[in-house]
Structures are given as structure tokens and as C-alpha cells.
Amino acid sequence: MSSLRYTLLASARVRHGYFADGLARRLRFTPDADTQAAMRAYQLLLRSNGHALALHAPESALALLWAARAPQALCFTLSCEDPGFELYTEPGSLPLLALPLFTDAARDEATWRAGLGGAVELQLQARRTVWKYLLLGDWQEHRLQLVDPAAEVQFEAPGAEALPDGRAAIVIRSRSALALAERSPYRFQLRDAASQPPKLLMPRLPVAAPRGLQRELRPQGGSTAVTEIFVSR
């Protein structure tokens with residue numbers, strides 16, 4: 001009995017800016033109708049994991065594929081099984097993954113076969129939010145200042161906010177939206193600007209986590225995505 005020999009038609013990898021290794025997690029790849037039909041007709045073999053897929057064809061089916069010249073591309077919709085996906089990913093529809101199968105560059109079957117095995121890469125962006133630090137406890141003797149030692153991120157002046165449970169918090173927001181990350185590069189510090197030089201109160205504040213995502217209403221209308229970060233004294 002002879003076993004089928006397979007040829008790699010195309011592969012893909014999906015990257016994600018949130019994760020430290022740059023690779024997406026727990027993605028599902030669903031073929032569209034034309035791709036499903038081709039997989040059945042030519043016995044294509046699909047292998048996938050949470051961030052990548054590869055599609056193989058039996059060598060015996062290559063001549064049939066070339067003769068049909070269809071579909072032009074093998075297409076997949078993406079979805080994610082991680083319930084926290086929308087918290088750490090920039091809003092928007094997931095892109096369609098298209099693996100080109102036939103192009104104008106392939107003038108004959110030999111050239112086409114030689115060009116098989118191409119790789120496609122998609123990039124998903126980490127969600128960007130305003131980071132909102134809420135400082136709990138007694139800070140009255142300090143003139144608080146949140147500082148980025150790398151001088152890349154600026155923060156607003158402290159303000160006061162009443163929490164739903166009645167507690168008072170000092171609030172400091174980043175002036176710009178910052179990307180969430182599994183391993184954040186930021187090392188923000190809390191200082192007391194009442195002394196000179198400013199006294200270091202906390203050498204490294206916690207960074208934003210996806211579970212802290214909130215929508216904050218703007219006075220002029222609409223809302224802003226913020227990530228709440230609670231710091232207790």
C-alpha cells in the first residue's frame with residue numbers, strides 16, 4: 001500500500017502586538033465556501049493551531065488543480081476563542097485571511113509548482129487606551145506627580161473622583177492612548193513634587209491590564225476607552 005505524498009500549497013501566521021512573543025492566541029480559521037469545496041474536491045489537508053495554518057495537497061491532485069485554476073485563493077475568516085480577545089485587541093473586524101493559489105506569474109504548471117509554499121503574515125494590533133491611575137488612601141501630605149523616566153509618556157495633573165462605593169480617589173490619566181501588552185515596557189514612577197528634588201514614592205507602578213477596560217463619557221459627547229489601574233497606599 002502506497003501512502004499519499006503531500007505538497008505545501010501555502011501557509012500563514014497571525015501576529016498580535018499584545019503578546020510578548022508576538023503571536024496570536026486561540027484563533028479559529030474557517031474556510032469560505034469555495035475553499036471548503038476545493039478541500040473536498042482535491043483532498044486538501046489543513047493543519048492549524050492558535051496562530052498559524054498550513055494547507056497541503058496530495059501530489060496526485062496538483063495536475064487537477066492546475067487544470068482547474070480555481071479557486072484563485074484559499075480564504076479563511078478568523079475568530080478567536082479567547083473571551084478576553086476584545087479587551088486586548090484594537091476594535092474592528094478581523095481581517096480575511098487569503099492564501100494566493102494562482103497568480104499571473106505562473107505561466108505554466110512547472111512554474112506554478114515551483115512557486116507553491118508561499119507564506120502570508122497578518123498583524124493584529126494591541127488595544128490602545130488612556131491609562132487611568134486611581135490612587136486610594138491618604139495622600140494629602142504629597143503633591144503627586146506621575147512620571148515616565150524614559151520621558152516618552154506624559155500625564156495630566158492629578159484630579160479627584162468619587163468611586164461608586166463612596167471612596168475618594170486621586171486620578172491621574174495619560175495624555176495619550178497607550179498600547180496594552182502582556183509584558184509592558186513602561187516603568188512609571190510616582191513622585192512627590194513638594195520636595196526638591198522630587199521624592200520617589202513608588203519606583204514602579206503597576207501597568208494596565210485588559211480586565212481594567214472601561215468607557216469614560218466625555219463632556220462634549222461620546223466616550224473614551226480607558227484602562228483603570230488601582231493603586232492602594
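The protein chain carries 27 positive and 23 negative side chains, and the centres of the two sets lie 3 Å apart. Lys and Arg count as positive and Asp and Glu as negative, while His and the chain ends are not counted; each charge is placed at NZ of Lys, CZ of Arg, CG of Asp or CD of Glu.

This is a predicted model, in which local features need pLDDT of at least 70 and side-chain atom pairs count only at pLDDT 80 or more, whereas totals for chains, interfaces and linings use all residues. Residues are numbered from 1 along each chain as its sequence is written, and side-chain values use heavy atoms, without hydrogens and water.

The protein chain contains four helices and 15 strands (DSSP runs numbered from the N terminus: H or I of at least four residues for helices, E of at least two for strands). Its radius of gyration is 26 Å, well over the 17 Å that the globule rule gives for 233 residues, so the chain is more spread out than a compact globule (the radius is taken over C-alpha atoms, and the rule is 2.2 Å times the number of residues to the power 0.38). Along its principal axes, the C-alpha trace spans about 80 × 35 × 35 Å.

Within helix H1, which covers residues 33-42, lies Thr35. Thr35 is buried, with a relative accessible area of 0% (buried means under 20%, with a 1.4 Å probe and protein chains only). Its side chain makes a polar contact with the side chain of Asp32 at 2.8 Å, and the side chain of Thr35 also reaches the backbone nitrogen of Cys75 at 2.8 Å. A polar contact is a pair of N or O atoms within 3.5 Å; within protein, one must be able to donate a hydrogen and the other to accept it, and residues adjacent in sequence count only if both atoms are side-chain atoms.

Technical notes
Buried < 20%, exposed > 50% of the residue type's maximum accessible area, 1.4 Å probe, protein only.
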